[in-house]
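Please read these notes alongside the model.

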Amino acid sequence: MSTVALMWEARAVEGRGAELLEWARAQAQVLAGEPLRHEVFRAPQDRVLVITWWAAELGDGLPELPEPAADLITRPVHRWRFESVDGG
């Protein structure tokens, strides 16, 4: 079994970064299924990043954070999937 990292990144409407951050934190707590771990980050320009790690294969169906309300974000959410590889 591999480890898969799901990355979710959104940019809030100017001045609403704290609201988007709290929304993302709440969503990460209620994902269907239990990730190995999750972390929530913030960045300049009111951006929020959530990374969840799963014991899964890259193509497995895994729970993803949804899109926030359209009036909270400046663009569609960006999503990426990464599979762990052996160091070397």
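1. Not counting residues up to four places away in sequence, Thr52 touches Val4, Ala5, Leu6, Leu31, Pro35, Arg37 and His38 (contact means heavy atoms within 4.5 Å). This is a predicted model, in which local features need pLDDT of at least 70, side-chain atom pairs count only at pLDDT 80 or more, and totals for chains, interfaces and linings use all residues. Residues are numbered from 1 along each chain as its sequence is written, and side-chain values use heavy atoms, with hydrogens and water left out.

2. Thr52 lies in strand S3, residues 47-55 (strands are DSSP runs of E, at least two residues, and helices runs of H or I, at least four, numbered from the N terminus). Thr52 counts as buried because its relative accessibility is 3% (buried means under 20% relative accessible area, with a 1.4 Å probe and protein chains only). Its side chain makes a polar contact with the side chain of Trp54, at 2.8 Å (a pair of N or O atoms within 3.5 Å, one able to donate a hydrogen and the other to accept it; residues adjacent in sequence count only if both atoms are side-chain atoms).

3. The largest nonpolar core has 19 residues, and Trp8, Ala10, Leu20, Val48, Val50, Trp54 and Leu62 touch the most other members (such a core is a set of buried Ala, Val, Leu, Ile, Met, Phe, Trp, Tyr and Cys residues joined through side-chain atoms within 4.5 Å). Strand S1 (3-11), helix H1 (17-29) and S3 each supply at least two residues of this core. Apart from it lies another core, of 5 residues, among them Ala5, Met7, Ile51 and Trp53.

4. Ser2 sits in the segment before S1. The side chains of Ser2 and Glu83 make a polar contact at 3.0 Å.

Note on methods:
Buried < 20%, exposed > 50% of the residue type's maximum accessible area, 1.4 Å probe, protein only.
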